[in-house]
Amino acid sequence: MSARNERGFVLVTSMLILLVLTILVVNAVRNTTLNEKMAGNYMDRTNALLAAEQALRQGEALLVANGDLCLSGCAVTNGAVAASTTTLNAVPTAWVDTNAATAATASGQKTSGKYQVSRLADTFVPSTTTGCTGTTYCRDGCRAYSIMGRGQGFDSRSVVVLQTVAFVCSI
């Protein structure tokens, strides 16, 4: 064969190799971008979780600080505690922003949280037979409260809601 018949072969081969390399680089960039987005979303969710946990702890601290008042029944409205006998018959199943108190943020904290405290019916207090006669329940010394904490990450769509039931009991 003469050199004349082989002139375009090197050009076609190098173009195919460049095409394959371009596809590999584009896929690598896509994969890296996707991984970075996932890591950012995970970090944002973790920040929202930490803010919700912090709000939950502040709601618990509010009950502890007002234990004497809340032992006979209290209501928490926007972080203010007042005597009340109003109770819920069921544990709240969704976050309602009314009466929610904004949790205090730590120095340098970029995310925010809110909490709400609701008194539950006395049937939520665990019963015990220690020191009780017959089948009566020893619920007189405790009150049950639902505490919900809501944390938001940097992105307003990144929200975590946590809930716990706390008991205020006489000592």
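Colleague: Why does C169 count as partly exposed?

Modeller: Buried means under 20% relative accessible area, exposed means over 50%, and partly exposed is in between, with a 1.4 Å probe and protein chains only. C169 has 36% relative accessibility, and therefore counts as partly exposed. This is a predicted model, in which local features need pLDDT of at least 70 and side-chain atom pairs count only at pLDDT 80 or more, while totals for chains, interfaces and linings use all residues. Residues are numbered from 1 along each chain as its sequence is written, and side-chain values use heavy atoms, with hydrogens and water left out.

Colleague: How do you know that C142 and C169 form a disulfide?

Modeller: A disulfide is defined as a pair of cysteine sulfur atoms within 2.5 Å. The sulfur atoms of C142 and C169 are 2.0 Å apart, and the pair forms a disulfide. The link is right-handed, with 115 degrees about the S-S bond. It joins distant parts of the chain, since C142 is in strand β5 and C169 is in strand β6, 27 residues apart. C142 has 15% relative accessibility and therefore counts as buried.

Colleague: How many disulfides does a search of the whole structure find?

Modeller: The search finds 2 disulfides. C70 and C74 also form a disulfide, with their sulfur atoms 2.1 Å apart. A disulfide is a covalent bond between the sulfur atoms of two cysteines.

Colleague: What makes the disulfide of C70 and C74 right-handed?

Modeller: The torsion about its S-S bond is about 90 degrees, so the disulfide of C70 and C74 is right-handed. As for accessibility, C70 is at 1% and therefore counts as buried. C74 is at 2%, so this residue counts as buried as well.

Colleague: What makes a set of residues a nonpolar core?

Modeller: A nonpolar core is a set of buried Ala, Val, Leu, Ile, Met, Phe, Trp, Tyr and Cys residues joined through side-chain atoms within 4.5 Å. The largest nonpolar core here has 15 residues, of which L63, C70, Y115, V117, Y145 and I147 touch the most other members. Two or more residues come from each of α1 (9-65), β1 (74-77), β4 (112-119), β5 (142-152) and β6 (159-169). The element that gives the most is α1, with 4 residues.

Colleague: Which residues is L63 in contact with, leaving aside its neighbours within four places in sequence?

Modeller: Contact means heavy atoms within 4.5 Å. L63 is in contact with C70, C74, V117, Y145, I147, A166 and V168.

Colleague: How do you know whether Q116 and R119 are buried or exposed?

Modeller: Q116 has a relative accessible area of 10%, so Q116 is buried. R119 has a relative accessible area of 8%, so R119 is buried. Q116 is found in strand β4, and R119 also has its place in strand β4. Not counting residues up to four places away in sequence, Q116 touches A94, W95, V96, T98, N99, A100, S146, I147 and M148.

Colleague: Why does R157 count as exposed?

Modeller: R157 is at 71% relative accessibility, and therefore counts as exposed. R157 lies in the loop between β5 and β6. R157 and D44 are 113 residues apart in sequence and 9.7 Å apart in space, C-alpha to C-alpha.

Colleague: How many residues does the protein chain have, and what percentage of them count as buried?

Modeller: The protein chain has 171 residues, of which 27% count as buried. Among its contacts between residues at least 6 apart in sequence, 59% join residues at least 24 apart.
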